[in-house]
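Colleague: Before the discussion begins, please display the model so that each term can be set against its definition.

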Amino acid sequence: MDTKELYREILNEHNINPVHKSEMTSPSLTCNGVNPSCGDEITLNIKFDESGEKVADASFTGSGCAISQASVDMMAELIIGKSKEEALKLAEIFDRMIKGTVTDEELENLDEAAALQDISHMPARVKCAMLGWRTLKEMLGVK
């Protein structure tokens, strides 16, 4: 199996069987994200631990293309257990991956989300992949 096929498998798995696509009871933060160019919509929910510093849980609801749904599911998986600062750093690394300026070492931090690296060659799909990450940054106060 070549790398591109493996990446397609990862993307399909997160789209067809998203682990974090569900309603959340009593989230600490909720933010809606919309991609007006294609109609993808999500509601991102985060629950922090008792200290308010670490992400204890993350989930999303909404609808959209396979790329937007898989990307936000991978993002939710990555940020659980991370501090707000660590989550924002991952979002920055993802941004740079899409822009083609990420290092191989940084790319390893994205785990399965690195499967979306080739999206940078498909300009019409970039906003789809970025929807969850952009919503996370907005939620945490970064414009």
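**Terms and values**

Modeller: Lys137 touches Leu88, Ala91, Glu92, Asp95 and Val142, not counting residues up to four places away in sequence; contact means heavy atoms within 4.5 Å. This is a predicted model, in which local features need pLDDT of at least 70 and side-chain atom pairs pLDDT 80 or more, while totals for chains, interfaces and linings use all residues. Residues are numbered from 1 along each chain, and side-chain values use heavy atoms, without hydrogens and water.

Colleague: Why is Lys137 called buried?

Modeller: Buried means under 20% relative accessible area, with exposed over 50% and partly exposed in between (1.4 Å probe, protein chains only). Lys137 has a relative accessible area of 17%, and is therefore buried.

Colleague: What makes the pair Lys137 and Asp95 a polar contact?

Modeller: A polar contact requires N or O atoms within 3.5 Å, one able to donate a hydrogen and the other to accept it; residues adjacent in sequence count only if both atoms are side-chain atoms. The side chains of Lys137 and Asp95 are joined at 2.5 Å.

Colleague: How do you know that the span of helix H2 is close to the expected one?

Modeller: The expected span is 1.5 Å times one less than the number of residues. H2 (residues 66-79) has 14 residues and reaches 20 Å from its first C-alpha to its last, close to the expected 20 Å. Helices are DSSP runs of H or I with at least four residues, numbered from the N terminus.

Colleague: What makes H2 mostly covered?

Modeller: Of its 14 residues, 12 are buried, among them Ile67, Val72 and Leu78.

How values were computed: Helix = DSSP H or I, 4+ residues; strand = E, 2+ residues; numbered from the N terminus.
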